Amino acid sequence: MFYEAFLAGIWAAVGSTLGKLSGSSNVVGDSYLIWASFLALMIMSNTWGCRYYLRSLDAATNSVAPTVISAASSYTLSGIIGVTVFDEGASLRWWLGVCFIVTGLVLVARPRESKEINHHE
């Protein structure tokens, strides 16, 4: 479940990156073929991400963990791609937010220990 949810977030970030590249005149230029290729790849990667997300939901006992894992991995990877590929700025506050998201992910996704209550005492 964790693996599929994580992959869903990765594919979502890749799809967003391809979508942004398809709208960049520096990359696409005047070529409709390059534009259509990026658009088709974006649709395919977003479809693949939805597939993994649905698989993670199917494997989970509730929808919270897959949703948090996929959103956190997508958000984090999108930020890293934005900084490295698109030369976007990321402040210390943004990175602190990423740390809070990952911490929340760890707290929400960790398995709970079940406590059995003995009613026959």
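Predicted model: local features only at pLDDT ≥ 70, side-chain atom pairs only at ≥ 80, totals over all residues.

Student: OK. Where is Asp87 found?
Tutor: Asp87 sits in the loop between α4 and α5, the latter covering 92-109.

Student: What is the phi of Asp87 near?
Tutor: Its phi is near 55°, a positive value, and the residue is not glycine. Most residues other than glycine have a negative phi.

Student: Is Asp87 buried or exposed, and why?
Tutor: Asp87 is exposed because its relative accessible area is 69%. The cut-offs are under 20% for buried and over 50% for exposed, with partly exposed in between, using a 1.4 Å probe and protein chains only.

Student: Back up to the whole chain. How many helices and strands does the protein chain have?
Tutor: The protein chain has five helices and zero strands, in the order α-α-α-α-α along the sequence.

Student: What radius of gyration does it have, against a compact globule?
Tutor: The protein chain has 19 Å, whereas a compact globule of 121 residues would be near 14 Å. That radius is taken over C-alpha atoms, and the globule rule is 2.2 Å times the number of residues to the power 0.38. Along its principal axes, the C-alpha trace spans about 80 × 35 × 15 Å.

Student: How much counts as buried?
Tutor: 27% of the 121 residues. The accessible surface comes to about 8600 Å², with 64% of it belonging to carbon and sulfur atoms; such areas come from the Shrake-Rupley method with a 1.4 Å probe, and for residues only the protein chains shown count as cover.

Student: Which residues does UniProt list as "transmembrane region"?
Tutor: The unreviewed UniProt entry lists residues 33-54, 66-86 and 92-109. Its positions are given in the numbering used here, and such annotations may be inferred rather than shown by experiment. In the model, residues 33-54 are 100% helix and 0% strand, with end C-alpha atoms 31 Å apart. Residues 66-86 are 90% helix and 0% strand, with 28 Å between the end C-alpha atoms.

Student: How many residues has α3, and what does it reach?
Tutor: Helix α3 (residues 32-59) has 28 residues and reaches 41 Å from first C-alpha to last, close to the 40 Å expected. The expected span is 1.5 Å times one less than the number of residues.

Student: What caps its N-terminal end?
Tutor: Ser31 does, with a side-chain oxygen 3.4 Å from the backbone nitrogen of Leu33. A polar contact is a pair of N or O atoms within 3.5 Å; within protein, one must be able to donate a hydrogen and the other to accept it, and residues adjacent in sequence count only if both atoms are side-chain atoms.

Student: What do the buried residues of α3 pack against?
Tutor: They pack against α1 (2-22), α2 (25-28) and α4 (64-84). The buried residues of α3 are Phe38, Ser45, Gly49, Tyr52 and Ser56. Contact means heavy atoms within 4.5 Å.

Student: And the buried residues of α1, what do they pack against?
Tutor: Against α2, α3 and α4; among them are Leu7, Gly9 and Leu18.

Student: On to α4. Why does Ala72 count as buried?
Tutor: Because its relative accessible area is 4%. Leaving aside neighbours within four places in sequence, Ala72 is in contact with Ile101 and Leu105.

Student: Which residues does Ser74 contact?
Tutor: Beyond neighbours within four places in sequence, Ser74 is in contact with Gly9, Ala12 and Ala13. Ser74 is in helix α4 too, and counts as buried because its relative accessibility is 15%.

Student: Last one: is Thr84 buried or exposed?
Tutor: Exposed, at 59% relative accessibility. Thr84 is in helix α4, and a polar atom of its side chain lies 2.8 Å from the backbone oxygen of Ile80.

How values were computed
Residues numbered from 1 in each chain as written. Heavy atoms only, no water. Helix = DSSP H or I, 4+ residues; strand = E, 2+ residues; numbered from the N terminus.
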